[in-house]
Amino acid sequence: MEIRVATASDAEQVAALHADSWRRHYRGAYADAFLDGDVEADRRTVWTERLAVPAHTETILAVDSGQLIGFVHVMLDADPRWGSLVDNLHVRTARRGSGIGGRLLRHAATAVHQRAATRAMYLWVLEQNTAAQGFYRAHGGDAVETALVPPPGGDPTRLNGSPVCLRIAWADVAVLS
């Protein structure tokens, strides 16, 4: 398995994995019409833009035999209080539980340590995604608050009702070393 920084040419594979992960794990919070529609095109637009001009971000990929099996995207210094935002961490379903998520999270922490103004890091996880919450807690993250899930692309029709997410925070990414 290879761990490397993403380039613009990786947008298609990243979008496909992101869309697949949302379809599997965000059902209930995100509207079925959105998830069953062309969510992959939506994600392709996002990732094409993000990877074309990575402004104070880092996207790290886990690749095995040429196939993307996981990725993490961190937005450095996203919040003055909470630090850098792990905006996405997704691992291909067949490879979950193999340690890839932990490796990617540690690589995100390294990017924060090396490139961000502070060593704090956080992310948002759906309240319904208890497996992800357990993963982040096992890696030293603390649930510090809840909030309403922002609608993807700012479109409230893409949500079911008013789903809740939890902020998971690391005061110092050194705990992930």
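Modeller: Helices here are DSSP runs of H or I with at least four residues, strands are runs of E with at least two, and both are numbered from the N terminus. By that reading the chain follows the pattern β-α-α-α-β-β-β-α-β-α-β-β along its sequence, with 5 helices and 7 strands. This is a predicted model, in which local features need pLDDT of at least 70, side-chain atom pairs count only at pLDDT 80 or more, and totals for chains, interfaces and linings use all residues. Residues are numbered from 1 along each chain as its sequence is written, and side-chain values use heavy atoms, with hydrogens and water left out.

Biologist: Why are α1 and α3 called oblique to each other?

Modeller: Axes are lines fitted to C-alpha atoms, for helices over the stretch in contact, and angles run from 0 to 180 degrees between N-to-C directions. Angles under 35 degrees count as roughly parallel, over 145 as roughly antiparallel, 65 to 115 as roughly perpendicular and the rest as oblique. Helix α1 (residues 11–25) and helix α3 (residues 39–52) pack at about 135 degrees, with their axes 8 Å apart, and the two helices are therefore oblique.

Biologist: What makes β1 and β6 edges of the sheet?

Modeller: Two strands pair if DSSP finds at least two bridges between them. The open sheet has mixed pairing and the order β1-β2-β3-β4-β5-β7-β6, and β1 (2–5) and β6 (142–148) each have a single partner strand, so one side of each is left without a neighbour in the sheet.

Biologist: How do you know that β5 and β7 pair?

Modeller: Strand β5 (residues 121–126) is joined to strand β7 (residues 164–170) by 6 bridges, and the two run antiparallel. One of the bridges has Tyr 122 with Ala 169 of β7 as its partner.
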